[in-house]
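User: Could you walk me through this structure with a few questions and answers? I am new to reading models like this one.

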Amino acid sequence: MDMNALRNFMDKIKPYFEKGGKLEKLHSVYDGFETFLFVPTTTAPKYGSHIHDPVDTKRTMSTVIVALVPALLFGMYNVGYQHYLAIGQDVNFWTEFLFGFLAVLPYIVVSYAVGLGIEFIGAQIKGEEIQEGFLVTGFLIPLIIPINTPLWMVAVATAFAVIFAKEVFGGTGMNIFNVALVARAFLFFGYPTHMSGDSVWIRTGTALGFGGGNVVDAFSGATPLGQIATASTSVPHITDTFGHSLGFWDGFVGLIPGSVGETSIIAIMLGAFVLLITEVASWKTMLSVFFGGALMGIVFNLFGPDTAAAHFPWYNHLVFGGFAFGAVFMATDPVTSARTEKGKWIYGLLIGCLAIIIRVLNPGYAEGMMLAILLMNIFAPLIDFYVVDANVKKRISRAQKSIQ
Amino acid sequence: MTNVIKTTKGLDIPIDGAAQKMIERTVISDIVALVPDYYHGIIPKVLVRAGDRVKAGTPVFHDKIHENLNIVSPVSGKVLAVNRGEKRKLINITIERDVVNEYENFGHPSLESLSGEEIKSALLKAGIWPYIKQRPYDVIANPNKTPKSIFISSFDTAPLAPDYNFILKGQFADFQTGIDALAKLTPGKVHLGVKANVPSNEFLKVKNVEITEYEGPHPIGNVGIQINHVDPINKGEVVWTVNVQDMLYIGRFFNKGIIDLKKIIALTGPEVIEPKYYTTLPGTAVAPFINGNVHKGIPLRYILGNVISGIKVDINDFIDPYASQIFVIDEGTEIHEFLGWAMPRLNKFSATKLFFTPLLQKKFFKKIFGDIKFSYDARILGGRRAIIMSNEYDRVLPMDILPEYLFKAMITGNIDKMEALGGYEIAPEDVALCEFVCTSKLPLQLIVREALDMMKKELE
């Protein structure tokens, strides 16, 4: 009943948005909402397949978002948990979660408002249907930034990434770099003082005016990887905000400082489960990233230089920092990843290796995952080129044999 | 022992409305029409005028490029009209048929005494040539080229495809004669693809051919897939292909000396009340098959050929000479699905794991929920996008080809890349499933068709 009323309403207002209508300039906005609400009645052409699989980009993209929800919820809780730890207040679970919710929400709003705004304008200019790609990007951005990043910086970084990493390449499906990672890289290189150091990872101030307090004396907000990179000895000892030792399982659970959605392996594994059973992400890419990371970690453990980073146990590399999040949600982005099946193995393996190499050998970048993925985004087409070329060469040699 | 080729790549789409194995009746409309558009690549030169008398086998038009390539009338009767559209484009030639068919006399040539060249010119003259197709380009065979081999697939794996063991019952002598004629047209082999594990498969008894058995989901029955496995086409090579029923035309021509284009087609699909087989002739009107035998109250789509690679026609159109199937589905324009992308959509069949389909088809769930009837309509169920997901096409194309890269070469019109990536081997029907599963809803068969036409134009 309601559905029919809504359909009738949409039909009634449609003329305003069509050519010559008063709201012609908002045509792509109307279009976006209409196709969001109702499956378009576009039918198959005269020649071709007359039936289609019900899968579409909306379904695929929303599955990725569902997969990201555990990381977001855990991230919100962890933001609150770290906050109250830092100000030395003992509050209940819901207060912690509420604080985190209020702290993270503005980033989600800003990321979507800026990104979708640009997408709608772009679609209107190009006269195209609005595309879904940013639904995932907009969700990823709040999850991969430190919780103290100023909102305006997020807005600038999002705008930069959507325009220069995506729209100029032709929109969703045409981009070379993972758009969310470009936003992250823009923040990292554009505002280095705000994006590193010990003060950005824990919200010590309030969230929308909520949860004020004073930071306790013994507090240190450095991430485990930050501690490793700046360690004064070659012993890879990592601690929490109060100096207690951290181990593998602390990284696995994720109640540690870090980017909002990146800390908990449990939450990321839930997401990985969703992506793998729905086959939205490639298990080949995901597995080979972890394999590459483990391999490189072992190599450094056995043969590396005498530094804390090289001695950092290989299995800890996989659970601390953005490694797991990048492997599950970023490396598997189908558009910027290698697209051939053989290529995916190589692509993933190199990301894993490179991330650990950067972490260990370059103390300037405590976290190597972002740069590893962005670098491999450039090489993905090259990897595919060689896979495709093998197929081409096979065909040529077959032709030559048949001539003889 | 024949060679068996197995593959798991592909997809069988479960759809209701398979034809019962009985031939309902003969349906030949009083007015039949020859539609030049159905003969892809032919530039027609009309040879008759309104009022002319024709017999079954009388040339109605020929190709302007190969003037000896005739398209003949399937019936005897009087030419009603030569209908032209915009810019004098030939739409069709309509013929009012006689009650009793009169056949053109071709002198009953004996196959044994004829050379390959003589067989060729007889087939061209008698109007059977258009039924011999060629790869590359998936067009009517160029009579001036010699094929390195000829392929016939004896089975069709498309949704609700007709069963040729049933259709050919009692006609295997004509089929064999067809094979014997084709064998003289190539220095290579005539290949017959046979479905594996079919009890008492009559096609295994056919002589004078190289038989290969195939096992797997659709599109393994497509001749293009079989060529790719057995004798792939290289640059400069030509392979000919003939449909099973069209082989009978060649056989009847040499056995009886007449042009007898009778064929059996299956009326299928979820919107058909009683799906059955009918005997008919190419050029018969679509309406007599449909009348009273389809569901009412919804807009319907009539398709000549199968539901994933056929041609959409109007009820007033005429049967395509290559079609062995008429398919009727819901057009879907009156369905307004609220938040479809987010709904469970239990009645939708998907090849992906984003719906419950794969789960519900498992034995355990079938026991609980029973057989779920999937509903289909002609909506593309999404918006067109750039290619986003990878490995979608590969899973439903059992060929040694990287489909995504070939499609990209075709979309960008890069002929060198099309050649390098397997453009010579592919036909639109081979990528029908790629189009079905495509998340980005690309019209891949149209893309392939246009690209092949472009290749042919540039390279020949």
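Predicted model: local features only at pLDDT ≥ 70, side-chain atom pairs only at ≥ 80, totals over all residues.

Analyst: Residues are numbered from 1 along each chain as its sequence is written, chains are lettered from A and ligands numbered from 1 in the order in which they are written, and side-chain values use heavy atoms, leaving out hydrogens and water.

User: How many helices and strands does chain B have?

Analyst: Helices (H or I, at least four residues) and strands (E, at least two) are DSSP runs, numbered from the N terminus. With these rules, chain B has twelve helices and 20 strands.

User: Why is chain B called as compact as a globular protein of its length?

Analyst: The radius of gyration is taken over C-alpha atoms, and the globule rule is 2.2 Å times the number of residues to the power 0.38. For 460 residues that rule gives 23 Å, and chain B is as compact as a globular protein of that length because its own radius is close to this, at 22 Å.

User: What percentage of the residues in chain B are buried?

Analyst: Here buried means under 20% relative accessible area, exposed over 50%, and partly exposed in between (1.4 Å probe, protein chains only). Among the buried residues are Ile119(B) and Leu123(B) in helix α1, residues 116-125. Of the 460 residues in chain B, the buried share is 62%.

User: Which elements of chain B do the buried residues of α1(B) pack against?

Analyst: Contact means heavy atoms within 4.5 Å. The buried residues of α1(B) include Gly116(B), Lys120(B), Ala122(B) and Leu124(B). Their packing partners in chain B are β7 (70-72), β10 (132-135), α3 (172-183), β15 (239-242) and α5 (244-256).

User: Is Lys235(B) buried or exposed?

Analyst: Lys235(B) is found in the loop between α4 (223-230) and β15 of chain B. Leaving aside neighbours within four places in sequence, Lys235(B) touches Glu419(B) and Tyr424(B). With a relative accessible area of 57%, Lys235(B) is exposed.

User: What area is buried between chain A and chain B?

Analyst: Buried area is the accessible area (1.4 Å probe) that two parts lose on being put together, summed over both. The contact takes 59 residues from chain A and 73 residues from chain B. Carbon and sulfur atoms give 58% of the buried area, which is about 6,000 Å².
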